[in-house]
Amino acid sequence: MSEPDTDPEAPDEAVSSPTPGSELAATGSTSASGPLIDTPIIESKDIDVFYGDEQALQEITMAIPEKQVTALIGPSGCGKSTFLRCVNRMNDLISSARVDGELLFGGKDVYDDDVDPVALRRKIGMVFQQPNPFPKSIYDNVAYGLRVQDEEVTDEIIEEALRGAALWDEVKDQLDESGLELSGGQQQRLCIARAIAPDPEVVLMDEPASALDPVATSKVEDLISDLAEQYTVVIVTHNMQQAARISDKTGVFLTGGKLVEFDDTQKIFENPEHQRVEDYITGKFG
């Protein structure tokens, strides 16, 4: 089943509600010298998603750990991107969409009536499949989210975001030039800089390298690993080798909108629990 398109850059409004999840800023960490600590920052409990009468996701339950990379893999149309859009309520932009179950961010259900989706998206940024810089300068692209949220914009914040996206050294002398003039790989890293400029806790990525050449893809993969030192990263990818290279946890979605298995990436790829998962990973279907 194909998943409906959304407007990836629907205008946001000023934040007016408390941001869920902010209390997690000082809890759980990834130690450079020790094992990863699986402190969940996002938990889904029996999530069902419907587009009209058609069910896209069935009873999705998983706990996504903080400051790690979680990859969601599976064949086209199995619900990976639909789940990703549940996390920051991008499915709200689809009139026929309905979400049942609980989706917790920092222990707070993001679908509670008192949660402002705009405030939520400030803490849960998103990067889309196709690079989508605005027809603005590089500087203004990075500053966009801050200005929409009526937050302070300084040269230091812009530089920090571009450095965080591994782009500063390439564009520092052309910040007034259009972001549309950058290469595809640079545009995607510009979009990542725009996503992290407001200092989110989570960065969602929907196949961020699928439209890039191998060299640009390698840079984005290296960047994702670096980002996980500061942010929780959840990435949807069709590239199983990419998931194996960069992720700590992997969720396998298969036909019917079901999460068949969720575990440490190494275990998923070397010793999965389910035969269907092994068949998919070894290329017997998908």
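A volume is the space filled by probe spheres set on the points, with points joined across faces, edges and corners.

The model is predicted, so to speak of local features we need pLDDT of at least 70, and of side-chain atom pairs 80 or more, while totals for chains, interfaces and linings use all residues. Numbering starts from 1 along each chain as its sequence is written, and side-chain values use heavy atoms, leaving out hydrogens and water.

**Exercise 1. Describe the second largest pocket: its volume, its lining and the helices behind it.**

Step 1: the space comes to about 210 Å³.

Step 2: find the lining, which includes Ile 157, Ala 161, Asp 199, Leu 227 and Tyr 231.

Step 3: Helix H4 (155-164) and helix H7 (214-227) are the elements giving two or more residues, and H4 has the largest share with four.

Step 4: You get six nonpolar, two polar and three charged residues.

**Exercise 2. Which residues have the most contacts inside the largest nonpolar core?**

Step 1: such a core is a set of buried Ala, Val, Leu, Ile, Met, Phe, Trp, Tyr and Cys residues joined through side-chain atoms within 4.5 Å. Buried means under 20% relative accessible area, exposed over 50%, and partly exposed in between, using a 1.4 Å probe and protein chains only.

Step 2: the core has 47 residues, and Val 142, Leu 162, Met 205, Ile 224 and Leu 227 come out on top. A separate second core has 32 residues, including Cys 78 and Val 236.

Step 3: zoom in on Val 142, with contact meaning heavy atoms within 4.5 Å. Beyond its neighbours within four places in sequence, Val 142 touches residues including Ile 158, Leu 162, Leu 190 and Ala 197.

**Exercise 3. Work out how the strands pair.**

Step 1: two strands pair if DSSP finds at least two bridges between them.

Step 2: take strand S6 (residues 124-127), where Ile 124 and Met 126 point one way, Gly 125 and Val 127 the other, and all are buried. S6 runs parallel to strand S7 (residues 202-206) over four bridges, with Val 127 partnered by Met 205.

Step 3: now the open antiparallel sheet, whose four strands are ordered S2-S1-S4-S5. S2 and strand S5 (108-109) are its edges, each pairing on one side only. Inside it, strand S1 (residues 40-51) and strand S4 (residues 97-105) share eight antiparallel bridges, and Asp 48 sits opposite Asp 100 in S4.

**Exercise 4. Are Ala 56 and Glu 59 buried or exposed?**

Step 1: Ala 56 belongs to strand S2 (residues 54-65), and Ala 56 counts as buried because its relative accessibility is 3%.

Step 2: Glu 59 is also placed in S2, yet Glu 59 is exposed, with a relative accessible area of 57%. Check its backbone too: phi is near 50°, a positive value in a residue other than glycine.

Methods. On a 1 Å grid over the protein atoms alone, a cavity is a set of points where a 1.4 Å probe fits but cannot get out, and a pocket is an open set with protein on both sides within 12 Å along at least five of seven lines; lining residues have an atom within 4 Å of a point. Ala, Val, Leu, Ile, Met, Phe, Trp, Tyr, Cys and Pro count as nonpolar, Asp, Glu, Lys and Arg as charged, and the others, Gly among them, as polar.
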